Amino acid sequence: MMLQVIVRPMRLSDIEQVVQIDRLSFSTPWSANAYRFELTNRDTSHLVVLELASPASHPALRWRWLPRLFARQTPAGKLVGYGGCWLIAGEAHISTIAVHPDFRGQGLGELLLASMLKRAILLHGEYSVLEVRESNVTAQALYHKYEYRVIGRRRHYYRDDGEDALLMEARPLDAAYAQRLETRWQALASRIQFDDQFTHAYEPERSFL
Ligand SMILES: CC(C)(COP(=O)(O)OP(=O)(O)OC[C@H]1O[C@@H](n2cnc3c(N)ncnc32)[C@H](O)[C@@H]1OP(=O)(O)O)[C@@H](O)C(=O)NCCC(=O)NCCS
């Protein structure tokens with residue numbers, strides 16, 4: 001059966017699960033407090049999660065409005081990935097992205113990145129940057145697919161082992177890029193059944209706390 005997920009802004013109640021995925025994904029994970037800070041104190045931070053949707057509860061299938069009405073009361077379902085983007089003065093800085101190890105290789109990392117880029121473009125992002133470990137060829141392949149190019153190197157960037165970071169950039173996020181992004185988005189929709197409540201969320205994460 002096709003994977004079914006909800007793409008939505010991260011909430012405070014998601015932090016516990018996000019931190020678990022973070023620990024499985026990074027040697028220097030963020031703390032719960034770091035996520036709390038991003039959600040409550042940073043207007044420029046746009047955090048997204050992927051929540052598994054059961055067929056009966058999938059809003060795309062029926063009762064689209066019901067889960068939103070009860071968004072505050074409903075406990076979070078199982079999260080399988082998350083991402084973060086800082087949007088400042090036209091720059092969309094991908095701060096983090098991870099998929100639970102049991103769910104990798106199915107397009108979910110791509111869905112996270114594409115949703116952050118879509119939102120960035122909607123909010124007038126002009127280019128996107130990120131740092132990635134030199135050895136992380138999997139993530140680099142994902143970024144290449146979304147047209148990021150290596151533009152620099154940050155020496156000994158990672159505190160735990162001193163590995164270098166590659167600085168990658170996708171530029172410009174213009175109308176032509178948005179069109180190519182849309183094509184990839186449609187390709188994703190043929191692999192994953194998703195309900196996107198993130199890219200057009202008017203008041204992003206803060207209204208969902
Ligand atoms: C990087 C990460 C988010 C990718 O998520 P994912 O859901 O496994 O990736 P997807 O299935 O969406 O794959 C998207 C693209 O990534 C690349 N990719 C994914 N898995 C790959 C692998 N094992 N080897 C090489 N490239 C791979 C491919 O380009 C792929 O596109 P394709 O399907 O057209 O080949 C995931 O591996 C992860 O969470 N890693 C640990 C955290 C991390 O390193 N984050 C990045 C920090 S900079």
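This is a predicted model: local features need pLDDT of at least 70, side-chain atom pairs count only at pLDDT 80 or more; totals for chains, interfaces and linings use all residues.
1. Most residues other than glycine have a negative phi, and most peptide bonds are trans.

2. A89 sits in the loop between β3 and β4. With 8 other C-beta atoms within 10 Å, A89 is exposed. H156 belongs to the loop between β6 (149-154) and β7, and with 10 other C-beta atoms within 10 Å it is exposed too.

3. The peptide bond between R171 and P172 is cis, with omega about -5°. P172 lies in the loop between β7 (165-170) and α6 (175-189).

4. On the overall fold: the protein has six helices and eight strands. Read from the N terminus, the order of elements is β-α-α-β-α-β-β-α-β-α-β-β-α-β. Of the 209 residues, 33% are buried. Taking contacts between residues at least 6 apart in sequence, 74% of them join residues at least 24 apart.

5. The largest nonpolar core contains 44 residues, and V48, L50 and Y82 have the most contacts inside it. Helix α4 (residues 108-122) is the element that gives the most to this core, with nine residues. Leaving out residues up to four places away in sequence, Y82 touches M10, V18, I21, L47, V48, V49 and A98. In soluble globular proteins, nonpolar side chains tend to be buried together.

6. Helix α4 has 15 residues and spans 21 Å from first to last C-alpha, close to the 21 Å expected at 1.5 Å a residue. Because 13 of its 15 residues are buried, α4 is largely enclosed by the rest of the structure.

7. L117 is an example from α4. It has 25 C-beta neighbours inside 10 Å and therefore counts as buried. Apart from neighbours within four places in sequence, L117 is in contact with A92, S128, Y146, L173 and L181. One of these, A92, is 25 residues from L117 in sequence, with 7.8 Å between the two C-alpha atoms.

8. The ligand has 18 residues around it, of which R104, G109, E110, A141 and L142 come nearest. Two or more residues of this shell come from each of β4 (91-99), α4 and α5 (137-145). Helix α5 gives the largest share, five residues. By type, the shell divides into eight nonpolar, seven polar and three charged residues.

9. In helix α2 (residues 32-41) the buried residues are Y35, E38 and L39. Seen down the axis of α2, they fall within an arc of 90°, so they line one face of the helix. An α-helix has 3.6 residues a turn, so residues three or four places apart point the same way. On the other side of α2, the exposed residues are N33, R36, T40 and N41. The cover over the buried residues of α2 includes α1 (15-25), β2 (45-52) and β3 (79-88).

Terms used: Residues are numbered from 1 along each chain as its sequence is written. A nonpolar core is a set of buried Ala, Val, Leu, Ile, Met, Phe, Trp, Tyr and Cys residues joined through C-beta atoms within 7 Å. A residue is buried if 20 or more other C-beta atoms lie within 10 Å of its own, exposed if 12 or fewer, and partly exposed in between; C-beta atoms are placed from the backbone. Helices (H or I, at least four residues) and strands (E, at least two) are DSSP runs, numbered from the N terminus. Two residues are in contact if their C-beta atoms, placed from the backbone, lie within 7 Å. The expected span of a helix is 1.5 Å times one less than its number of residues. A residue is near a molecule or strand if its C-beta atom, placed from the backbone, lies within 6 Å of it. Ala, Val, Leu, Ile, Met, Phe, Trp, Tyr, Cys and Pro count as nonpolar, Asp, Glu, Lys and Arg as charged, and the others, Gly among them, as polar. The arc is that of the directions from the helix axis to the C-beta atoms.
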